[in-house]
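Colleague: Please put the model up, and then I will ask about its strands, its disulfide and one of its pockets.

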Amino acid sequence: MRRYALAVDSWVDAGLWNAARRASDLHERLRSFADRFTVTGGKRLAAEFASEGLNIGIAGALVMLMLAIPSFQEGREDALKNQVFAVTFLDRYGSEIGHRGARHDDSLKLEEMPDHLIKAVLATEDRRFYDHFGIDVIGTLRAVTVNARASGVVQGGSSLTQQLAKNLFLTNERSLDRKIKEAFLALWLEYRLTKNDILKLYLDRAYMGGGTFGVAAAADYYFGKSVKDVSLAEAAMLAGLFKAPTKYAPHVNLPAARARANDVLNAMVDAGFMTAGQVDSAKRNPATPVDRKRGASPDFYLDWAFDEVTRLAGEGKLGPERVLTVKTPHDPAIQARSDEAVESILRQHGAGYRAKQAAVTILDPDGAVRAIVGGRDYGISQFNRATSSLRQPGSSFKPFVYAAAMAAGLYRPNTIVTDRPVCIGNWCPNNYGRSFAGSMPLTVALAKSINTIPVQMSIAIGRSAGETHEARAARIGRNRIVETARAMGLTTPLTDTVSLPIGAAEVTVIDMAAGYAVFANGGRRARPYAALEIRNSQGETIYSHERDEPPAAQVLSTQVAQDMNAMLVKVPTEGTGRRAALDGVVTAGKTGTTNGYKDAWYVGYSGNLVGAVWYGNDDSSETANMTGGSLPAMTWKEIMQFAHQGLETKPLPGVTPPDQKGVPVARSQSPATAAAAPAPGPGAGHMPRQSFEVLTSVGSMFKAVEPPRAARLSVEAGLREVPPTGRVTALR
């Protein structure tokens, strides 16, 4: 072991000595080789500078790389595509009704734009555009010098490419970080695109004031003409907008815009693009913009339609297109009549009823929206009460309950139901007067808006599913009602409460119209839509509702829809909606009035059109006993009587036209008579004579069961649709 250990030690020592000797020999050889490059005097000084320069260059390159990486991450290919929506809307007849989004038009090629416009832009924004590599070094140094002399920023040094990089990828933040990113992105753009491509993007994407982006949209907005036709004076005014579009917008400050245009013309002469004589005429005859006073516009409709177009784009149905022309089902005549009806009725009767707002939606039975009134005055409030406001529907929700119960096979229009006390836990709905009408056909229960019947229906639906406990059965029934309402078009959250069957949930006006459209079209889902056809900036059809949307789903059986129509047609003739009855047109509908008279509704339809009307106050304050059978029904009639003029009326599924019955459709009042008639509500002591005559004419419906005297009095009171009173909250 000792000899072995000595041998290992000797081997290690010898190895280390040999390694040191070899390293020393290598060092001597390297030193001898390096001595050949030894310089002295001026050559050594140059070598030292070169060496330090290389070190600094490598360090600088690393720093530049660190700065460039976040900049290039901002440079996305999709940003080169237009991401700003510019939508022009047409009505159902093809006439333009308005714009939404940015006013934008990138359909013109650069070669189609006037030469004097391009020269005006280059003269003011970047005279050496075609000579630099994305960063104008000369221009930047000049700007630095001028700003230093002025002790402030008086001249910009960004090239046109840098300005485009800022417009596409960055914000207007004034910071060193933004300027660094801007410079690198300018280099990226120069590498990716040609000079003409960069200039075209700049002319199309720059903000030009007045909500316009690009020279083409600005020419149309400010001068009412194609950019191809702008004069030299107009081109100079457009080119002047790039510096400060809000400050120099001609519709805001025409003198400032003309002064700026004069500066542009002088810049064109200084740059050598034009002579003084060529610009003299433009100076003496400055451009004059067109008058852009706000005219009548269906603004509530356009706001909603723009949201719908944005939704279609989000679903990938419009591809990358952002400059769009949308043909809508909007009907300008019905829209104007709706606006007039709301304003007229509120002006005459709003103060008396303490109602300040209203909302209306009119649509075809397939969901094509013809008109929207989102409030009394768009100029004062842009909040769209027809599409965004959540309000309790009261008894106008009951048709969804009846439809769910009939879809379960539990009821038919002639089914005898009993208006009697019913409680779920400690909640007991009451009718007006705290009385009950006894037994009656289901049709009469709906026409008279009996509160206890929908609650009984919710229990019956749950029991049909096998649940015997009353409260749990009611909960199951309400879930089925919610499912039915959602299938029919109610999109808002429907809170499950015991009072849901009598309208305690919150809905929107447009959803209510869509839900009732299911009855009008025979049971098919009618999703409200705003686009019949959409074209891109080249005029190509990229979307068609008829072609690109799936067929409407059948959400109610044809039999259920027909049975519902057979019952709801009685409301405007024999029930609570008599003020909505149209002369010579079969209609159906339902009134709704919430507890405390906070919301009043009438939702009705014919075979041609569906309409939902709401009245109330934005702060949910109580009105003066306003019911769905008053102002909402009157407004609905005003609109629909006009809308049906000249229409070939279509029959409602399951309802026999009046000429086959040999009796008139309804005995309706004129608007003046309706306004003068006593308002339905608490305190009326007896049945009106006209109501008594109508009730008598359908006496056969009451022969099935002779209710007691108390029940008859309750039916009489039920002709006036009002919120019930009692120990619990209930809605009608």
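This is a predicted model: local features need pLDDT of at least 70, side-chain atom pairs count only at pLDDT 80 or more; totals for chains, interfaces and linings use all residues.

Modeller: Residues are numbered from 1 along each chain as its sequence is written, and side-chain values use heavy atoms, with hydrogens and water left out.

Colleague: Is strand β1 enclosed or open to the outside?

Modeller: Strands (E, at least two residues) and helices (H or I, at least four) are DSSP runs, numbered from the N terminus. Buried means under 20% relative accessible area, exposed over 50%, and partly exposed in between, with a 1.4 Å probe and protein chains only. In a regular strand the side chains alternate between the two faces of the sheet. Ala86, Thr88 and Leu90 on one side of β1 and Val87 and Phe89 on the other are all buried, and since that is five of the five residues, β1 is largely enclosed by the rest of the structure.

Colleague: Which residue in β5 stands opposite Ala86?

Modeller: Two strands pair if DSSP finds at least two bridges between them. β1 runs parallel to β5, with five bridges, and antiparallel to β2, also over five bridges. On the β2 side Ala86 faces Gly101. In β5, the residue opposite Ala86 is Val323.

Colleague: Which residue in the turn between β1 and β2 has a positive phi?

Modeller: The two strands form a hairpin with five residues between them. At about 95°, the positive phi belongs to Gly94.

Colleague: Why is the disulfide called right-handed?

Modeller: A disulfide is a pair of cysteine sulfur atoms within 2.5 Å, and the structure holds one. It joins Cys423 to Cys428, with S to S at 1.9 Å. Cys423 is partly exposed at 29% relative accessible area, whereas Cys428 is buried at 6%. The disulfide is right-handed because the torsion about the S-S bond is about 110°.

Colleague: Which element gives the largest share of the lining of the second largest pocket?

Modeller: On a 1 Å grid over the protein atoms alone, a pocket is an open set of points where a 1.4 Å probe fits, with protein on both sides within 12 Å along at least five of seven lines, and lining residues have an atom within 4 Å of a point. Here 25 residues line the pocket, and those nearest its centre include His545 and Glu549. Elements giving two or more residues to this lining are α12 (299–314), β11 (541–544) and α19 (545–548). The largest share, three residues, comes from α12.
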